[in-house]
Amino acid sequence: MDHTMLAWIKKVPKTEIHLHLEAVVKISSYMELNRKYNIDSSLKTSEDYQKHLSFRDLKDMINFFLHLQTFYRNEEDYQFMARDVLEYAQNNNITYMEVYFSPSKIVQLGYVDILSVYQILNDTFQDIHKNHGIDIRVIVDVSRSFGPDNAMSNLETLLEYLKKNRKSRFIGIGLGGAEAGNDCLEYRDVFKLAQKKKLHTVAHAGEEVGSESIWHAVEDLGAERIGHGTSAMFDEKLVGYLKKNRIPLEICPTSNIITKKYVSAMEEHPIRSFYDKGLNVTLNTDDPVLFDVDLNQEYMNLYEKLNFSQEELLGVMKNTLDSTFLSPKEKKAYWKSVEEVI
């Protein structure tokens with residue numbers, strides 16, 4: 001390993017925009033919650049958890065992700081999220097984050113009131129910004145996994161919260177969950193209402209379905225960013241469209257390799273060709289604890305396995321910042337802090 005390059009990567013202030021909050025929570029935290037509630041007797045040690053992290057595909061990963069969501073039984077349990085996301089950000093020198101948070105399972109289980117959870121996360125992230133200088137904004141994952149009616153319900157609950165909290169850290173909705181068998185066209189009304197209410201809208205697409213999913217997300221849903229977008233590698237017309245319109249791709253290389261749909265090794269990931277063709281590629285971890293990777297390591301992967309130069313790594317960092325939903329003035333201020341380091 002090039003320790004000089006790793007030291008440089010660690011030193012540069014970074015942003016991340018595709019990160020599922022529940023999968024930043026450490027295994028030790030889930031073990032603590034499991035001991036507290038005695039939810040799963042098969043998960044007693046960290047080794048037990050590691051056995052579950054050998055995912056066969058995306059569906060397998062989502063099922064375990066949903067299982068972990070059942071560990072939160074009390075409002076105070078959500079402090080684990082705040083504590084662990086702060087530690088993750090500090091370890092990776094991330095100064096700005098846009099994180100996904102998934103309410104569907106929480107509402108379904110009914111242990112806690114989702115509006116109270118939103119308030120807890122909002123207040124805790126406010127404190128983190130004030131005390132540690134790390135800015136965290138939240139995108140609510142309305143989810144494909146539970147159908148369009150559930151997604152609309154998630155949006156309506158978010159709008160109810162925002163009506164009373166106009167300056168909150170909740171900035172938009174995302175369409176995550178199981179992509180196969182859940183055509184994003186079914187969520188047009190959800191996106192239309194969110195956009196009418198001035199919320200940002202993003203969508204996972206092309207992670208386990210062909211490029212038609214990405215076309216639908218950008219043309220029919222009006223998604224401002226695409227989560228993953230891997231299958232664009234098979235559609236040159238789409239590549240041209242994404243380039244022309246500077247539509248950001250929230251790329252998560254290790255995630256794509258572990259879920260095994262289109263790539264099986266870092267060296268064959270299309271992020272290299274996407275970057276060379278001028279697409280607006282950003283770099284993210286998706287689920288760092290589930291995939292045993294952090295943002296520093298993802299940048300090292302680009303350098304060591306995909307021949308990204310230091311200048312190109314900086315280009316990806318700039319793309320990621322520019323693809324956030326910060327104002328132009330805020331982006332300029334953040335990039336100034338990067339320039340001061342480099």
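A residue is called buried when its relative accessible area is under 20%, exposed when it is over 50%, and partly exposed in between, using a 1.4 Å probe and protein chains only. This is a predicted model, in which local features need pLDDT of at least 70 and side-chain atom pairs count only at pLDDT 80 or more, while totals for chains, interfaces and linings use all residues. Residues are numbered from 1 along each chain as its sequence is written, and side-chain values use heavy atoms, leaving out hydrogens and water.

Helices and strands are DSSP runs numbered from the N terminus: a helix is H or I over at least four residues, and a strand is E over at least two. Start with strand β3, residues 135-141. Seven of its seven residues are buried, so the strand is mostly covered by the cut-off given above. In a regular strand the side chains alternate between the two faces of the sheet. In β3, D135, R137, I139 and D141 point one way, and I136, V138 and V140 point the other way.

Next come the neighbours of β3. Two strands pair if DSSP finds at least two bridges between them. Strand β2, residues 94-101, runs parallel to β3 and is joined to it by six bridges. Within this pairing, I136 of β3 has M97 opposite. Strand β4, residues 170-175, also pairs with β3 in the parallel sense, over four bridges. Here V140 has I173 of β4 as its bridge partner.

The path from β3 to β4 involves helix α8, residues 148-164, and the three elements make a right-handed β-α-β unit. Right-handed means that, with the strands pointing away from the viewer, the path from the first strand over the helix to the second runs clockwise.

Now turn to E250, which is found in strand β7, residues 249-251. Its relative accessibility is 0%, so E250 counts as buried. The side chains of E250 and Y100 are joined by a polar contact of 2.8 Å. A polar contact is a pair of N or O atoms within 3.5 Å; within protein, one must be able to donate a hydrogen and the other to accept it, and residues adjacent in sequence count only if both atoms are side-chain atoms. Leaving aside residues up to four places away in sequence, E250 also touches others, including H18, R225, H228 and N284, where contact means heavy atoms within 4.5 Å.

Last, the cysteines. A disulfide is a pair of cysteine sulfur atoms within 2.5 Å, and by this rule the count is zero. C184 is in no disulfide, and its nearest cysteine sulfur, that of C252, is 18 Å away. That distance is too far for a bond. C184 is buried at 1% relative accessibility, and C252 is buried at 0%.
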